[in-house]
Amino acid sequence: MSERGTPAGYGIVERGTASSDVARAAERIRLAGYAVVPGGFTGAEIADLGTRLERVMARQVEEFGGAERMATIGETLTARCPLVYDEAFLTLAAHSGVLALCRELLGDYVILMQQNGVINPSGQSHTQLAYHRDLPYQHFVSSRPLAISALFCIDPFTIETGATTVIPGSHRMEMFPSDTVAAELDTAVSAEPGSFIVFDSMVFHRAGENRSGQPRRGVNQVFSTPIIAQQISLPDALDGKYAGDPVLARLLGYDVAPSRSVTAWRERRLARQRPASAGAAADKRS
């Protein structure tokens with residue numbers, strides 16, 4: 001180490017710079033594929049979100065016709081689009097620190113592609129125990145991230161509770177590694193309740209085995225560029241809610257939802273031009 005604490009090097013003529021927490025987390029995600037980001041939530045807020053997630057899960061089981069029907073499609077442990085059922089979950093999707101990091105990695109135009117509550121029960125098998133990407137079935141890599149996942153931890157993420165494990169750097173490899181190498185690189189990501197595990201959605205990851213005797217709960221957000229369609233249409237599911245808020249409307253995908261007709265597409269484009277045109281007219285009058 002040098003006197004200033006900079007790692008020593010030899011023959012290095014170019015070096016990255018990261019002058020903020022957001023920049024440092026982004027650099028780590030580009031290199032290793034993941035980072036843990038504090039959320040700033042109180043213990044009471046975290047506990048409340050846990051209770052609300054359980055309520056959403058129970059409601060979704062009921063509205064689909066019961067646990068047996070949900071179990072048939074492997075859905076009894078996944079609460080989809082919880083923000084549609086309880087706006088408290090919008091605080092996770094619109095978290096300023098997470099969005100700042102996503103914009104650092106993806107660019108200014110970021111949309112919420114999906115939000116899922118995930119429950120990892122103790123001693124019970126489930127689909128999340130298998131390695132996967134949050135953009136599944138894709139075996140290609142890109143020079144820049146296509147999507148960023150932000151897994152909010154309601155409960156402690158430890159080896160005992162079944163912490164999410166990742167294969168660092170796998171977002172840069174097209175194919176899944178051999179079983180031996182995957183096992184050697186498999187890294188458990190420990191995180192405190194109220195924090196986010198933020199990772200490139202192309203990183204291969206899985207939930208660990210929960211041996212704690214308590215469920216391990218989280219809420220995963222996947223943010224993407226507008227070229228990727230939402231898993232479930234949030235504008236339709238929300239029935240127009242938040243459409244009048246320009247920031248939330250963009251985040252929730254209102255601006256990129258497919259138009260129902262050529263005329264509808266043109267009307268939407270015209271509506272976007274009106275504020276700018278009105279401002280220009282006001283400038284000319286002044």
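By class, eight nonpolar, two polar and five charged residues make up the lining of the second largest pocket; Ala, Val, Leu, Ile, Met, Phe, Trp, Tyr, Cys and Pro count as nonpolar, Asp, Glu, Lys and Arg as charged, and the others, Gly among them, as polar. The model is predicted, so local features need pLDDT of at least 70 and side-chain atom pairs pLDDT 80 or more, while totals for chains, interfaces and linings use all residues. Residues are numbered from 1 along each chain as its sequence is written, and side-chain values use heavy atoms, without hydrogens and water.

A pocket is an open set of points on a 1 Å grid over the protein atoms alone, where a 1.4 Å probe fits, with protein on both sides within 12 Å along at least five of seven lines; lining residues have an atom within 4 Å of a point. Volume is the space filled by probe spheres set on the points, which are joined across faces, edges and corners.

| Pocket | Volume | Lining |
|---|---|---|
| Largest | about 740 Å³ | 37 residues |

At least two lining residues each come from α8 (234-238), α9 (246-251) and α10 (262-285), and α10 has the largest share, three residues. Helices (H or I, at least four residues) and strands (E, at least two) are DSSP runs, numbered from the N terminus.

Nearest the centre of the largest pocket are Q114, Q128, H132, R133 and D134. Two or more lining residues are given by each of β2 (78-80), β3 (111-120), β8 (205-207) and β9 (216-224). β3 gives the most, six residues. This lining holds 15 nonpolar, 16 polar and six charged residues.
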